[in-house]
Amino acid sequence: MKVTLITGASGGIGEAIVNRLAERKQNLLLIARNAEKLEKQGRELAEKFGIQVQFIAADLADPETAERIFKETQNRGLEIDMLINNAGIGSGGEFSSLSLKSELSLLQLNVSSLVALTHLFLPQMQNRKSGTIINIASMASFIPIPYMATYAASKMFVRSFTQAVTQECKPYNVHMLLFCPGLTKTNFNSAAGIDNEKGGGLSSDYSNSPTQTPEEVADELLQALDKKRSFAVSGRMNRFGSRLLALIPNSFITRNFAKLYRKRLKM
Ligand SMILES: NC(=O)c1ccc[n+]([C@@H]2O[C@H](COP(=O)([O-])OP(=O)(O)OC[C@H]3O[C@@H](n4cnc5c(N)ncnc54)[C@H](OP(=O)(O)O)[C@@H]3O)[C@@H](O)[C@H]2O)c1
C-alpha cells in the first residue's frame, strides 16, 4: 500500500499538512510521541475521508527510532512514496547556559533523524524511480541566530543537506522539496521552553510580527508540491525577507540580533 509518512504529525504544521493530505485521500503513516493523540487523530481521519491511517508512536530524539520506523514499515508492507520530515524543536537562551543534553537531543531530532529517515527511504524511491521527500527547514535556516544558535544551525544544516541531495535525486526522478516556514502560530515556543520567564524576549510575539496559521503554511506547502518546486518559503513577507537576508552580511545580522536579544533578555 502506498503511504505518506509524516513526522511531527500530531500538532502544529504537521497536523495541518496531515489534514490537507487526508482531504486528498492519501493514505497516511503518522509519527509523533503521543500515542493517544495519534490513535484518535488517525481514527477520525480514516472515518471522515475513507483512507487508511496508521501510526507509530516514537521519539525521534532517540538515535534508534528511525531504523525502528523503517523496519516497522517493512513489516507492515507499506510503500512510502512520500516522506515528510517535519518534526522539530527549538531552543533559546545563552548557549553556554543551556542544557547540553537538550541541545544534543535537538540535533538528534532536527538533524540526525531527518538524515537517517532520508537515508533509509531514499534507496527504495530511487529503485522505483518515483517518490517525494519534503524537509521542513525554517526562515532560521538563512542566518546564524545568537541565543538560538543550535536551532538556527540545525535548520541551516537541513537547508544545505536538502539542496545537495535534491540534485543527487534528479537522475532517479525522486522529487525533493526544501520548505521554509516563517513564524507560525503553533506549540513551537512552548515546546522550546521559550514562552516563559526564562526565555522571555526570545519567544515570538505573534501579535506584532507577520505570522501564518499552520493551515496557511500547509496550503503553501501543497502548492509548492503540486508545482514540483524544489525550494519554497512560506508567506509573501518571508519570501521578501529571505531575499533581503541573502544581501546583508551575516556579521551585521548576527551583531544586531545579539544586541536585540541581550536587551530583551535583560543581560
Ligand atoms: N512554528 C514556527 O514558527 C516554525 C517556524 C519555522 C519552522 N518551523 C518548523 O516546523 C516544524 C513543525 O513545527 P511546529 O511549529 O508545528 O511545532 P509543534 O507545534 O511543537 O509540533 C511539533 C510536532 O512534532 C512532534 N514531536 C516533537 N518532538 C518529537 C520527538 N522527539 N519525536 C517525535 N515527534 C516529535 C510533536 O508531537 P509529540 O509532542 O506528540 O511528539 C508535534 O506533532 C519544525 O521542524 C519547526 O522547526 C516552525
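Lys129 is partly exposed, with a relative accessible area of 46%; here buried stands for under 20% relative accessible area, exposed for over 50%, and partly exposed for what lies in between (1.4 Å probe, protein chains only). Although Lys129 is not a glycine, its phi is positive, at about 55 degrees. The residue sits in the loop between helix 4 and strand 5 (132–136). Helices (H or I, at least four residues) and strands (E, at least two) are DSSP runs, numbered from the N terminus.

Asn173, also a residue other than glycine, has a positive phi near 60 degrees. Asn173 belongs to the loop between helix 5 and strand 6 (175–180). With a relative accessible area of 53%, Asn173 is exposed.

## Basis of the model

The model is predicted, so local features need pLDDT of at least 70 and side-chain atom pairs count only at pLDDT 80 or more, while totals for chains, interfaces and linings use all residues. Residues are numbered from 1 along each chain as its sequence is written, and side-chain values use heavy atoms, with hydrogens and water left out.

## Overall fold

The chain has 9 helices and 7 strands. Its radius of gyration is 18 Å, close to the 18 Å that the globule rule gives for 267 residues, so the chain is as compact as a globular protein of that length. The radius is taken over C-alpha atoms, and the rule is 2.2 Å times the number of residues to the power 0.38.

Along its principal axes, the C-alpha trace spans about 55 × 40 × 30 Å. Of the 267 residues in the chain, 47% are buried.

## Ligand site

Around the ligand there are 30 residues, of which Ser10, Arg33, Asn86, Tyr151 and Thr186 come nearest; a residue counts as near if one of its heavy atoms lies within 4 Å of the molecule. By class, this shell has 15 nonpolar, 12 polar and 3 charged residues. Ala, Val, Leu, Ile, Met, Phe, Trp, Tyr, Cys and Pro count as nonpolar, Asp, Glu, Lys and Arg as charged, and the others, Gly among them, as polar. Helix 1 (12–23), helix 5 (149–169) and helix 6 (188–191) each supply at least two residues of the shell.

Tyr151 has a polar side-chain atom 2.7 Å from an oxygen atom of the ligand. For Lys155, a side-chain N or O atom is 2.9 Å from a ligand oxygen atom, and for Gly11 a backbone N or O atom lies 3.1 Å from one. Taken alone, the ligand exposes 890 Å², and the protein buries 92% of that; accessible areas come from the Shrake-Rupley method with a 1.4 Å probe, and for residues only the protein chains shown count as cover.

## Aromatic pairs

The structure holds 5 aromatic pairs. Rings of Phe, Tyr and Trp (its six-membered ring) pair if their centres lie within 6.5 Å; planes under 30 degrees apart count as stacked, over 60 as edge-to-face and the rest as tilted. One of the pairs is Phe70 and Phe121, whose ring centres are 5.2 Å apart with planes at 70 degrees, so the pair is edge-to-face.

Phe70 lies in helix 3 (residues 65–75) and Phe121 in helix 4 (residues 100–128), so the pair ties together parts that are 51 residues apart in sequence. Both Phe70 and Phe121 are buried.

## A buried loop residue

Gln212 is in the loop between helix 6 and helix 7 (214–226). With a relative accessible area of 11%, Gln212 is buried. The side chains of Gln212 and Ser234 are joined by a polar contact of 2.6 Å. Such a contact is a pair of N or O atoms within 3.5 Å; within protein, one must be able to donate a hydrogen and the other to accept it, and residues adjacent in sequence count only if both atoms are side-chain atoms.
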